[in-house]
Amino acid sequence: MQKDQFLTRRRMLLAGAAALGAAGSAGVVLAGGAEESAPHAPAPLSGPQARQALKSSAFRLQPLTDDGPPRAAPRRLKVRTEPILRISGRGRHMMLTFDDGPNPDYTPHILDTLAKYDVRAMFFLCGECVVENKKLVARMADEGHVVGNHTWTHPLLTTLDRREIHDEMKSTSDAIEESYGERPQWFRAPYGAWNRAAFQLGAEMGMEPMAWTVDTTDWMTPGTSTIIDRVESGAAPGVVVLSHDAGGDRSQTVHAIREWLPHLIDSGYHMTVPPRRL
Ligand SMILES: [Zn+2]
């Protein structure tokens with residue numbers, strides 16, 4: 001019975017996604033009201049505003065069914081059945097995400113480029129890299145970036161049992177808290193391979209599941225110009241861009257962002273991150 005309800009709901013979501021797909025939009029817009037009681041994706045923030053908002057109690061993530069003041073972590077969240085693929089809000093807002101780091105060879109260059117243009121991004125970190133690169137994680141905190149949990153060893157979660165998934169997620173949140181100063185409030189499954197346990201455990205640990213809209217395919221090292229083209233042709237309001245600052249030779253990623261980031265800014269895009277709830 002419950003499974004049938006789940007499937008019906010899922011079908012509705014997919015039907016909604018198909019309709020949106022026809023309009024040229026990839027993925028499910030969770031913020032569009034597809035799920036009546038679902039928490040919304042983060043409202044847009046960008047540039048200096050984002051930095052200011054970190055200290056502003058006036059701003060908060062669109063709730064979580066609760067208009068009260070921010071609660072102490074870990075918040076227990078509603079268990080989703082699909083990850084968030086896009087951000088909500090009007091206007092030319094996009095979100096940049098970088099996975100698998102931090103990495104001492106590539107992450108500093110990406111941080112330098114983001115700083116040059118006064119842009120904040122999300123970094124989905126692996127615990128085993130966090131403990132090796134604590135200073136880079138601290139730099140992310142200092143420069144207003146938002147970090148998420150990307151497991152400890154980057155396994156395919158669908159091959160693990162619940163206890164193993166729990167340990168991958170929990171140990172990474174612990175390591176992030178130690179270096180970043182806060183527990184992560186976002187989780188991304190390696191390879192985009194989600195399962196029910198990942199959604200449930202993420203919700204228990206106060207983390208929303210975040211996927212992406214546009215994959216730069218930088219992990220295939222297709223050439224700097226191909227990466228630039230993927231980002232610029234995929235640019236649209238609400239898009240979440242996936243890049244990688246670790247996991248292989250990421251020099252193409254480093255070179256590409258130096259090109260595509262100013263191009264997007266010149267095109268009127270504002271790069272946003274979710275607010276940190278302190
Ligand atoms: Zn990854």
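Helices (H or I, at least four residues) and strands (E, at least two) are taken here as DSSP runs, numbered from the N terminus. The structure is a predicted model, in which local features need pLDDT of at least 70 and side-chain atom pairs count only at pLDDT 80 or more, while totals for chains, interfaces and linings use all residues. Residues are numbered from 1 along each chain as its sequence is written.

The chain contains 9 helices and 8 strands. Of its 278 residues, 44% count as buried. A residue is called buried if 20 or more other C-beta atoms lie within 10 Å of its own, exposed if 12 or fewer do, and partly exposed in between, with C-beta atoms placed from the backbone. Two residues are in contact if their C-beta atoms, again placed from the backbone, lie within 7 Å. Among contacts between residues at least 6 apart in sequence, 79% join residues at least 24 apart.

In the loop between β1 and α3 lies Pro102, and the peptide bond leading from Gly101 to Pro102 is cis, with omega near 0°. After α3 comes Asp118, with a positive phi near 55°, although Asp118 is not a glycine. Asp118 belongs to the loop between α3 and β2 (122-125). Because 15 other C-beta atoms lie within 10 Å, Asp118 is partly exposed. Thr221, another residue other than glycine, also has a positive phi, near 40°. Thr221 is placed in the loop between β6 (214-215) and α8 (224-234), and counts as partly exposed because it has 15 C-beta neighbours inside 10 Å.

Next comes a pair of helices. Helix α6 (residues 162-180) and helix α7 (residues 196-204) pack at an angle of about 45°, and their axes are 10 Å apart. Axes are lines fitted to C-alpha atoms, for helices over the stretch in contact, and angles run from 0 to 180 degrees between N-to-C directions. The two helices are therefore oblique to each other, given that angles under 35 degrees count as roughly parallel, over 145 as roughly antiparallel, 65 to 115 as roughly perpendicular and the rest as oblique. On the α6 side, Arg162, Ile165, His166 and Met169 meet Ala197, Ala198, Leu201 and Gly202 of α7. The residues of this contact divide into 5 nonpolar, 2 polar and 1 charged; Ala, Val, Leu, Ile, Met, Phe, Trp, Tyr, Cys and Pro count as nonpolar, Asp, Glu, Lys and Arg as charged, and the others, Gly among them, as polar.

Finally, Val240 is found in strand β7 (residues 240-244). Val240 counts as buried because it has 21 C-beta neighbours inside 10 Å. Leaving aside residues up to four places away in sequence, Val240 touches Leu85, Arg86, Ile87, Met95, Thr97, Trp212 and Thr213. Val240 and Thr213 are 27 residues apart along the chain, yet their C-alpha atoms are separated by 5.0 Å.
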